[in-house]
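This report concerns aromatic rings, the charges placed over them, and the pairing of strands. Please keep the sequence and the structure in view while reading.

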Amino acid sequence: MTVRVQEADFDIGSELDRLTGGNTRIGGLAVFVGLVREMHVREGYHRDRVDALTLEHYPGMTETALEEIEAEAQRRWPLEATLIVHRYGRMEPGERIVLVAVGSPHREAAFEACEFLVDWLKTKAPFWKLEDTPKGEKWVGAHAADDQAAARWEKK
């Protein structure tokens, strides 16, 4: 059970090796890696080019929020290992933003918990996104689709 917020990039293979090393109870490992896109889709059709994305956060508050999200996943599913690594700072298209990995004795729990963590990170984690575009900088607000995805977990 690990949460890290860092500016530096991460190595996916090394992170997964550390997460699962020696734990033979893990039968399924679900992994999500979020990347900076070169285009931002708005309302499903309009695209703006993104030259860079800057993520800001409040140290301490952000880690606490991610730990609470991770603890909720632990309460809901039989998990052996969880990892959330979330970057902040300026990143260019193609760079990694977030790694979420979930190990469980069974694949279904791993898949569901991973999806839950990603949905709640998108809506409940205190990060602020600033896009650098050819038209200038603009803050990215919440998206209805992200809220809808997260809302399905409120009922469970």
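## Charges over rings

In this predicted model, the charged end of Lys124 sits over the ring of Trp120, at 4.6 Å from the ring centre. A second case involves Arg96, whose charged end sits over the ring of Phe10, 5.6 Å from its centre.

## Aromatic pairs

A pair of aromatic rings is described by two values, the distance of the centres and the angle of the planes. Five aromatic pairs are counted in the model. One of them joins Trp77 and Phe116: the ring centres lie 5.3 Å apart and the planes stand at 55°, so this pair is tilted. Planes count as edge-to-face over 60 degrees and as stacked under 30 degrees. The pair of Trp77 and Phe116 links distant parts of the chain, as the two residues are 39 residues apart. Trp77 belongs to the loop between α2 (61–76) and β6 (81–87), whereas Phe116 belongs to helix α3 (residues 107–124).

Are these two residues buried or exposed? Trp77 has a relative accessibility of 11% and therefore counts as buried. Phe116, at 0% relative accessibility, counts as buried too. The cut-off for this term is a relative accessible area under 20%.

Trp77 also pairs with Trp153: here the centres are 5.7 Å apart and the planes are at 75°, so the pair is edge-to-face. This pair, too, links distant parts of the chain, with Trp77 in the loop between α2 and β6 and Trp153 in helix α4 (residues 144–154), 76 residues apart. Both Trp77 and Trp153 are buried.

## The aromatic cluster

Which residues form one aromatic cluster? The cluster consists of Trp77, Phe116, Trp120 and Trp153.

## The open sheet

Elsewhere in the model, four strands form an open sheet. Their order is β7-β5-β9-β10, and the pairing is antiparallel. The edge strands, β7 (89–91) and β10 (136–140), each pair on one side only. From one strand to the next, the twist averages 25°.

How many bridges join strand β5 to strand β9? Six bridges join β5 (residues 52–57) to β9 (residues 127–133), and these two strands run antiparallel. Within this part of the sheet, His57 stands opposite Phe127 in β9.

Technical notes. Residues numbered from 1 in each chain as written. Predicted model: local features only at pLDDT ≥ 70, side-chain atom pairs only at ≥ 80, totals over all residues. Heavy atoms only, no water. Phe/Tyr/Trp six-rings, centres within 6.5 Å; stacked < 30°, edge-to-face > 60°. Buried < 20%, exposed > 50% of the residue type's maximum accessible area, 1.4 Å probe, protein only. Lys NZ or Arg CZ within 6 Å of the ring centre and 35° of its normal. Pairing = 2+ DSSP bridges. Axes fitted to C-alpha atoms, helices over the stretch in contact; angles between N-to-C directions.
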